[in-house]
Amino acid sequence: MKKSFAVIGLGRFGRNVARDLARMGQEVLAIDKSEELVRLVQDDVTQAVQADTTDERVLQQLEIREYDAVIVAIGDDIRASVLTTLLCKEQGVRRLIAKAFDDMHQKILEKTGADQVIQPEKEAGLRLARSLAQDNLLNYLELSGDTSLREVNVPARWIDKTLKELRLRNEYKISVLALRRGGALIVPPEPDDPLQTGDVLLLLGQNDR
């Protein structure tokens, strides 16, 4: 179902979010106080507007409360970021996602009323560190604070053993969702099929497991 989004702040992050949402067929209003930045996205989104979102009258005119979600992607201007977040929530925005550039900024945004706060650079760095620190980890997706979906190379000690023999669910509380072998994806994997060198398992479980 088509949804409507307002993206406030059209730096690199905001522009990418606005364009990606538009490519997915969503209605996107892109807003920035810079005329130059507005021009960069005006052909890629539903509507692009030059406006100062620290003025509550502007937000009222844009009917900001009518959007399914508002993304405040204002970069290094803390005052504008926080004030925009506060005014949007006061006007009844249903879901507000805000970008922070450090932990203190995040705390302020959370206390101001943001429903979700992200630090894109920090989160990208954490994903990279996790992939580099674990030699057998191919892909990693954190589903919640303590649960992940991972693609893992089959360890050498598991070769020629079956999933039934390994008893991963009983021993480690880990679920095997799929097996990738060559160019084939096997869903679900056969419990009695011996694992082979080069196999990749898609595992679901708690991080400490």
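Biologist: Which residues does Thr 84 touch, not counting residues up to four places away in sequence?

Modeller: Thr 84 touches Ile 8, Thr 53, Thr 54, Val 72 and Ile 74, where contact means heavy atoms within 4.5 Å. Please note that this is a predicted model, in which local features need pLDDT of at least 70 and side-chain atom pairs count only at pLDDT 80 or more, while totals for chains, interfaces and linings use all residues. Residues are numbered from 1 along each chain as its sequence is written, and side-chain values use heavy atoms, with hydrogens and water left out.

Biologist: Is Thr 84 buried or exposed?

Modeller: Thr 84 is buried, with a relative accessible area of 0%. Buried means under 20% relative accessible area, exposed over 50%, and partly exposed in between, with a 1.4 Å probe and protein chains only.

Biologist: What lies 2.7 Å from a polar atom of its side chain, that of Thr 84?

Modeller: The backbone oxygen of Ala 80 lies at that distance from Thr 84.

Biologist: Which helix holds Thr 84?

Modeller: Thr 84 lies in helix α4, which covers residues 78-90. Helices (H or I, at least four residues) and strands (E, at least two) are DSSP runs, numbered from the N terminus. Helix α4 has 13 residues and reaches 18 Å from its first C-alpha to its last, close to the 18 Å expected at 1.5 Å a residue; the expected span is 1.5 Å times one less than the number of residues.

Biologist: Which residues of α4 are buried, and what do they pack against?

Modeller: The buried residues are Ala 80, Ser 81, Val 82, Thr 84, Thr 85, Leu 87 and Cys 88. They pack against β1, α3, β4, β5 and α5 (103-112). After the helix comes Gly 92, with a positive phi near 95 degrees.

Biologist: How does α4 run relative to β5?

Modeller: Helix α4 lies across β1, β4 and β5, at about 180 degrees to β5. Axes are lines fitted to C-alpha atoms, for helices over the stretch in contact, and angles run from 0 to 180 degrees between N-to-C directions. Helix α1 (residues 12-23) lies across β1, β2, β4, β5 and β6, at about 165 degrees to β1.

Biologist: What is the strand order of the six-stranded sheet?

Modeller: The sheet is open, with order β3-β2-β1-β4-β5-β6 and parallel pairing; two strands pair if DSSP finds at least two bridges between them. The edge strands β3 (47-50) and β6 (116-118) each have a single partner strand, so one side of each is left without a neighbour in the sheet. Strands β2 (residues 27-32) and β3 pair over four bridges, and Asp 32 stands opposite Gln 50.

Biologist: And which strands pair with β11?

Modeller: Strand β8 (residues 147-153) pairs with β11 (residues 200-206) in the antiparallel sense over seven bridges. Strand β9 (residues 175-181) also pairs with β11 in the antiparallel sense, over five bridges, and Arg 180 has Val 200 as its bridge partner.

Biologist: Turning to the largest nonpolar core, which residues touch the most other members?

Modeller: Of its 25 residues, these are Ile 8, Ile 31, Ile 64, Val 70, Cys 88, Leu 96 and Leu 109. A nonpolar core is a set of buried Ala, Val, Leu, Ile, Met, Phe, Trp, Tyr and Cys residues joined through side-chain atoms within 4.5 Å.

Biologist: Which element gives the most to this core?

Modeller: Helix α4 does, with four residues.

Notes
Polar contact = N/O pair within 3.5 Å; in protein donor to acceptor, adjacent residues only side chain to side chain.
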